[in-house]
Amino acid sequence: MNLYPLYNSLRIAAISSVFVFFLGIFFAYFVSKLPRLVKGIVDVILTLPLVLPPTVCGWLLLLVFGIKHPIGKFLLQFGIQFPMNWYGAILASIVVSFPLMYRTVRASFEAFDEDLSDVGKTLGLSNTFIFWRIRIPYCKSGILAGIVLSFARALGEYGATSMLTGYIPNKTATIATTVYHLWKSNNETLAFQWVCINVIISFVILVIVNLLESKKVKK
């Protein structure tokens, strides 16, 4: 069995999770401070990839980053081509997994006791210190759950990834696209093996999420 799809899926999920971590925290904190009406509008926009079909997200990414479109042509001058490259799947994974991180962290931030922040300010602590040393540790269970869910979503991503990067063995192949390719090739035995690998990984991820949620409840 060629393990490249596993390696590629894991690195795509890991790298995209790093980006989603910072983007999710930034936007969750930013949106939580907005007025109610504006918050609702921005929230809908940021959450839209969660409800759109993944293939639609992939088509929109092609519309923006395709080599025949302005941004795609511009990036191509620097040797960056998201379509049909493994790192294009990182972009697709960020788009589809970001809402999970964002909504999970936003809920944690909204549950944060602002009295703690006010006390910190009266002690002369900076907003940066309060954010990273008080708010983030307080909301760590929600943040960790968001990271794990985002990683799982990126690991199992198929629709947007297949639209943007396709299936190229040892280049863009992921677990999800490999299963589909093997099924189309009538190689159900190998496809089943990859499905089992994906199920095991997903099972472990869900166990971790449940453990994090149980810790949050105990608090």
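Here is a quick tour of the fold, the core, the surface and a few residues in this structure. Keep in mind that this is a predicted model. The protein chain is built from 11 helices and 0 strands. Of its 219 residues, 40% count as buried.

**Overall layout**

- Walk along the protein chain from the N terminus and the elements read α-α-α-α-α-α-α-α-α-α-α.
- Taken along the principal axes, the C-alpha atoms fill a box of roughly 65 × 45 × 30 Å.
- If you look at contacts between residues at least 6 apart in sequence, 74% of them join residues at least 24 apart.

**The nonpolar cores**

- The largest nonpolar core holds 20 residues, and those with the most contacts inside it are Ile 25, Met 101, Tyr 102, Val 105, Phe 109, Ile 136 and Ile 143.
- H5 provides the largest share of the core, with 8 residues.
- Met 101 is a handy place to start looking around: leaving aside neighbours within four places in sequence, Met 101 is in contact with Val 20, Phe 21, Gly 24, Ile 25, Ile 143, Gly 146, Ile 147 and Ser 150.
- Apart from this core there is another one, of 14 residues, and its members include Val 148, Trp 194, Ile 205 and Leu 212.

**Helix H1, inside and out**

- A nonpolar patch sits on the surface, made up of Ile 15, Val 18, Phe 19, Phe 22, Leu 23 and Trp 132, with about 560 Å² of accessible area together.
- Helix H1 (residues 4–32) supplies the largest share of that patch, 5 residues.
- An α-helix has 3.6 residues a turn, so residues three or four places apart point the same way.
- Phe 19, one of the patch residues, is in helix H1 and counts as partly exposed because its relative accessibility is 46%, between the cut-offs of 20% and 50%.
- Ser 17 is also found in helix H1, but Ser 17 counts as buried because its relative accessible area is 10%, under the 20% cut-off.
- What does Ser 17 touch, not counting residues up to four places away in sequence? Its partners are Ile 147, Ser 150 and Phe 151.

**Around helix H6**

- Asp 113 caps the N-terminal end of helix H6 (residues 114–122), with a side-chain oxygen 3.1 Å from the backbone nitrogen of Asp 115.
- Just after H6 comes Gly 124, which takes a positive phi of about 85°.

**Thr 177 in helix H10**

- Thr 177 belongs to helix H10 (residues 175–184).
- Is Thr 177 buried or exposed? Thr 177 counts as buried, because 3% relative accessibility is under the 20% cut-off.
- The Thr 177 side chain reaches back to the backbone nitrogen of Thr 174, at 2.9 Å.
- Setting aside residues up to four places away in sequence, Thr 177 touches Tyr 158, Ser 162, Gly 166, Tyr 167 and Thr 172.

Definitions and conventions: Residues numbered from 1 in each chain as written. Predicted model: local features only at pLDDT ≥ 70, side-chain atom pairs only at ≥ 80, totals over all residues. Heavy atoms only, no water. Polar contact = N/O pair within 3.5 Å; in protein donor to acceptor, adjacent residues only side chain to side chain. Helix = DSSP H or I, 4+ residues; strand = E, 2+ residues; numbered from the N terminus. Patch = residues over 30% accessible without salt bridge, like charges linked within 9 Å, V, L, I, M, F, W, Y side chains within 5 Å. Areas by Shrake-Rupley, 256 points an atom, 1.4 Å probe, with all protein chains shown as cover. Salt bridge = Lys/Arg side-chain N within 4 Å of Asp/Glu carboxyl O. Buried < 20%, exposed > 50% of the residue type's maximum accessible area, 1.4 Å probe, protein only. Contact = heavy atoms within 4.5 Å. Core = buried A, V, L, I, M, F, W, Y, C linked by side-chain atoms within 4.5 Å.
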